[in-house]
Amino acid sequence: MNKNTLLALGIASALSVASASAVFAADAHAPQPPRQSWSFSGPFGKFDKAQLQRGFKVYREVCQACHSMNLVAFRTLGQPGALGFTEGQIKTIAAEYQITDGPNDSGEMFQRPGRASDFFPPIYPNEQAARATHNGAFPVDLSVIAKARTFEVGFPGFLIDIVRQYQENGVDYLHALLTGYSEPPAGETLSPGQHWNKFFPGHKIAMTPPLDKDRVEYTDGTPQTVDQYARDVTAFLMWAAEPHLEARKRIGFQVMIFLIVFAGLAYFTKKKIWANAH
Amino acid sequence: MSGPSNFQPKSPILQWTERRLPILGLMHSSFVAYPTPRNLNYWWTFGGILTFCLGVQIITGIVLAMHYTPTVAGAFKSVEHIMRDVNYGWLIRYVHANGASMFFIAVYIHIFRGIYYGSYKEPREILWILGVILFLLMMATAFMGYVLPWGQMSFWGATVITNLFSALPGVGPKIVEFLWGGYSVDQPTLQRFFSLHYLLPFMIAGVVILHVWALHEVGQNNPAGIDVKSDKDTLPFTPYATAKDSFAMICFMIFFAWFVFYIPNYLGHADNYIPANPLQTPTHIVPEWYFLPFYAILRAIPSKLGGVLAMFGSIALLAFLPWLDRAKTRSARYRPLYRQFFWIFVITCIGLGWLGAKPAEGGYVIASRILTAWYFLHFLVVLPLLSYYERPKPLPASIAESVLGKQALPASVKGSS
């Protein structure tokens, strides 16, 4: 039997060596975005309303020049767990946008100011028009971008993240991308319209560095730095992608308490029933 | 489902009904009086957990279908509409999406439990084969469900998997066109996948009934892997199994809720939040985690047809398990060698799953090939050989003895065993 154990162990270790060698075959291309601390992470995470409003300002004054957000409706800016705007503020914001509506009685499409029930309008009439303006590149819609980007965490980090409830890889990446611009390293050449970004897969990105110091005016004394802008707009994009995040975590906690108490009761019931059975 | 019942309801109305449709008696004999081996451990609670999973998927799925639009232009938007504007839509959708993963976690535990304790052996072959059919139906349902949000992974996953059939010589391309309903993955594909995704769970429910029927006919296997010999060996389903299953199910719900409420997108793929674009292939097309071991087997074989055959073969082999492993002893507890090979097999499957998520290049391919080879060797060589060469340990005389010890038994039971 000892011989058999050895044989089995031998096979097992051969297999694990095979898997381990595979680990070394992995090449590290883009560096891992550093993890940031976000107000909305963790089991009791909540959005910071002031931060969301600042981020929204950055979106409107910078990103919106090219990027739409057309799955988001103006009315949602004021719902619970959102930016905390009043009905009046939302009406004002919506009215700043022109919405194509119609056809009217004479069969024409027409433009009208936005209403709270409207969605953020598209920036370009179609993808081709956007590409024509941007040298062939297409500025993507940002509605769910915070959930549509991520990076590989690797072993064993991806397992630890389950226990830590870490699901902020998307926002970590966006923050890193917005702050990751630099001159290309020696030996790398960029064609016109390309920029070097440390965290972009392949490093050559068509988006011009969007943020500069003092580009957007903050009235609450928050530092007007690229890092702060990136942080704020990323938090806003997380809200846009997951508007019910706060409700989810709040209800989740209630569900957890209920289930844990229920499990306790079920355990003692089971114990009593089985007391004489084994 | 376990023979005639002597159940007698007290109320005259129920007595009247019972004489005409003995459904209460059926329920009573199946889920109350049904004798369960008294040594069942918590690995046996996953059958009930799987029924719960199926129920959750069907209920949440029906609600989602009320708000979902199966069109190329509208699918992605309608899912976001559910997430944003439908009351508790985010909850229903996250429960459904994570529920698929929970279903597979539970089914894999259930399958490995069956493999460890030899639950596929005589007289449970048909029960086992029905299980393999359920597994296949689940895979088909999950695959088609993942296509419905019409994100990038939906689209490209559907393209890659349906294209597999083109490897079949002669009829292959025709089959693929038939699946697509055209010449590429497009509107007809999405719409028929939606239709089938709604149909298959009810087929699963039907096969589950057969599965439970077969189970109640032959009785449950148990950790000792020996047959029930006397009443002393069993306990009535209610309250014993009911209480134990309930506790296990609530613990499973805690695990489930952890994902739904705190890391709902962890098990999904970020690329699926990018709307499907037929003109742009993602860098890595990766299926959902529960398909990864089979995906690794598919890519380990250098020829396309070979890969497809190996992948389907790896699942089909499971159905032949009762005849590949001819050892008389069921439980791995009493099979010292088999037990070690079982754990090597588990590691092989996990390894294949990990490799399935990696790009098909360099060392990953080599590792995939080694593990794929071992997967097949385990079934085709190791198991048949073990049946002949392994010397099992002595089995306990009865289930009761294995639980209570010899001294705990009255003389009459000792004598009868």
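Leaving aside residues up to four places away in sequence, Ile49(B) touches Ala106(B), Ala248(B), Met249(B) and Phe252(B). Touching, or contact, is when the C-beta atoms of two residues, placed from the backbone, lie within 7 Å.

Before going on: this is a predicted model, where local features need pLDDT of at least 70 and side-chain atom pairs count only at pLDDT 80 or more, while totals for chains, interfaces and linings use all residues. Residues are numbered from 1 along each chain as its sequence is written, and chains are lettered from A and ligands numbered from 1 in the order in which they are written.

Ile49(B) belongs to the largest nonpolar core, which has 95 residues; with Cys53(B), Phe103(B), Ala106(B) and Ile297(B), Ile49(B) touches the most other members. Helix 5 of chain B, residues 89–116, supplies the largest share of this core, 14 residues. Another core lies apart from it, with 45 residues, including Val72(A) and Met238(A). A nonpolar core here is a set of buried Ala, Val, Leu, Ile, Met, Phe, Trp, Tyr and Cys residues joined through C-beta atoms within 7 Å. Buried means 20 or more other C-beta atoms within 10 Å of the residue's own, with C-beta atoms placed from the backbone. Helices are DSSP runs (H or I, at least four residues), numbered from the N terminus.

Next, the two chains. In chain B, 43 residues are in contact with 45 residues of chain A. Helix 10 of chain B gives the most to chain B's side, 13 residues. That side divides into 31 nonpolar, 7 polar and 5 charged residues. Nonpolar covers Ala, Val, Leu, Ile, Met, Phe, Trp, Tyr, Cys and Pro; charged covers Asp, Glu, Lys and Arg; the others, Gly among them, are polar.

Now a helix pair in chain B. Helix 3 (residues 46–65) and helix 9 (residues 187–218) of chain B pack at about 155 degrees, with axes 11 Å apart. That makes helix 3 of chain B roughly antiparallel to helix 9 of chain B, a word used for angles over 145 degrees. Axes are lines fitted to C-alpha atoms over the stretch in contact, and angles run from 0 to 180 degrees between N-to-C directions.

Last, chain A: helix 7 (residues 169–179) and helix 8 (residues 226–241) of chain A pack at about 145 degrees, axes 9 Å apart.

Definitions and conventions:
A residue is buried if 20 or more other C-beta atoms lie within 10 Å of its own, exposed if 12 or fewer, and partly exposed in between; C-beta atoms are placed from the backbone. Helices (H or I, at least four residues) and strands (E, at least two) are DSSP runs, numbered from the N terminus. Angles under 35 degrees count as roughly parallel, over 145 as roughly antiparallel, 65 to 115 as roughly perpendicular and the rest as oblique.
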